[in-house]
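This briefing is intended for a reader meeting the structure for the first time. Please keep the sequence and the model in view while reading.

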Amino acid sequence: MLLELKGVGMYFGGLRALDGVDLALEQGMIRSLIGPNGAGKTTLFNIISGLYPATQGETVFMGRKITGMKPFEISKLGIARTFQNIRLFQHMSVLQNVMVGEHNQTKTGLMGAVLRTPSMRKEEKEAEKEALSLLEFVGLPELMNERAQGLPYGKQRLLELARALASKPRLLLLDEPTAGMNLTETATLTRMILKIRKMGVTVFLVEHRMKVVMEISDQVTVLDHGSKISEGTPDQVKEDEKVIRAYLGEKRREKLSRNG
């Protein structure tokens, strides 16, 4: 398994955000995590990426226990993520934002950066070439010199995706990647996620648009009040009565087959 969560729990004082969640991701799959607001989805992502220390349980990535590791250490191991609320360096250029994402791949130390050594300059050129390639991948090469803050919302989402890919992840966590996007932008991003999987990157996403979830997921995990209540293929999950009751409600069964 690429990633395993074993009995992961998270408590904020007396509030139970996650309660003994078990989960496993195989290499090369697309898994979606769904559930009502407050179900614990983003909390789970924060634990995997090291932003929160789990109250109980453990997280294992590529056979290595990463519970308690710092976010930058986990990133170096091959886990990258985007956030529900876009977190770009707004006053930096589009190209610079992507190059920042490559920081965990660089080898030149502080002294090399200060002295501008030949090896540092070579590494910087290679990083710029890779960043341009990623901007081409997400469709933003012509905007490389624009400031991030000047981009339309949908293109900022694509830039954040390119920056996450710059760290060369084995596992990519996408937290509500289509939030705020129109239907055209959502379709573009959906196609891009499928292309990312073809690159050999495993994708784990929190997503509220059920049409996206049903179209691209190999497996779907459902949380409710911090507990896993269902897991399986999209077809299996959408017919699960626990999901219908807890997440959709009896009158909204068909929503799983339509655009959320």
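Predicted model: local features only at pLDDT ≥ 70, side-chain atom pairs only at ≥ 80, totals over all residues.

Residues are numbered from 1 along each chain as its sequence is written, and side-chain values use heavy atoms, with hydrogens and water left out. The protein chain has 10 helices and 10 strands; helices (H or I, at least four residues) and strands (E, at least two) are DSSP runs, numbered from the N terminus.

**Overall makeup**

- Of the 260 residues in the protein chain, 48% are buried; buried means under 20% relative accessible area, exposed over 50%, and partly exposed in between, with a 1.4 Å probe and protein chains only.
- Among contacts in the protein chain with a separation of 6 or more, 68% are between residues 24 or more positions apart; a contact means heavy atoms within 4.5 Å.

- Seven bridges connect strand E1 (residues 3-12) with E2 in the antiparallel sense, and Leu-5 has Leu-23 in E2 as its bridge partner.

- A second open sheet has six strands in the order E6-E7-E8-E3-E9-E10, with mixed pairing.
- Its edge strands, E6 and strand E10 (227-232), each pair on one side only.
- On average, neighbouring strands of this sheet are turned by 15° against each other, direction ignored.
- Strand E3 (residues 30-34) pairs with strand E9 (residues 219-224) in the parallel sense over four bridges.
- Across that pairing, Arg-31 has Gln-219 of E9 as its bridge partner, and Leu-33 stands opposite Thr-221.
- E3 and E8 also run parallel and are joined by four bridges; Ser-32 has Leu-205 in E8 as its bridge partner.
- In a regular strand, side chains alternate between the two faces of the sheet.
- In E3 both faces are covered, with Ile-30, Ser-32 and Ile-34 buried on one side and Arg-31 and Leu-33 buried on the other.

**Helix H7**

- Helix H7 (residues 183-198) has 16 residues and spans 23 Å from its first C-alpha to its last, close to the 22 Å expected at 1.5 Å a residue; the expected span is 1.5 Å times one less than the number of residues.
- Thr-186, Leu-189, Thr-190, Met-192, Ile-193 and Ile-196 are buried in H7.
- These residues are on the same side of H7 because they cover an arc of only 165° around the axis, the arc being that of the directions from the helix axis to the C-beta atoms.
- Leu-183, Thr-184 and Lys-198 are exposed on the other side of H7.
- H7 lies across E3, strand E7 (171-175) and strand E8 (202-206), at about 135° to E3.
- At the start of H7, a side-chain oxygen of Asn-182 comes to within 3.1 Å of the backbone nitrogen of Thr-184.
- Gly-200, which follows H7, has a positive phi near 95°.

**Two buried arginine residues**

- Arg-81 is part of strand E6 (residues 79-82) and counts as buried because its relative accessibility is 13%.
- The side chain of Arg-81 makes polar contacts with the side chains of Asn-46, at 2.6 Å, and Ser-49, at 3.2 Å.
- A polar contact is a pair of N or O atoms within 3.5 Å; within protein, one must be able to donate a hydrogen and the other to accept it, and residues adjacent in sequence count only if both atoms are side-chain atoms.
- Leaving aside neighbours within four places in sequence, the contacts of Arg-81 include Phe-45, Leu-51, Ala-164, Leu-172 and Asp-175.
- Arg-209 lies in the loop between E8 and helix H8 (210-216) and is buried, with a relative accessible area of 10%.
- Arg-209 and Ile-34 are 175 residues apart along the chain, yet their C-alpha atoms are separated by 9.4 Å.

Methods: Pairing = 2+ DSSP bridges. Axes fitted to C-alpha atoms, helices over the stretch in contact; angles between N-to-C directions.
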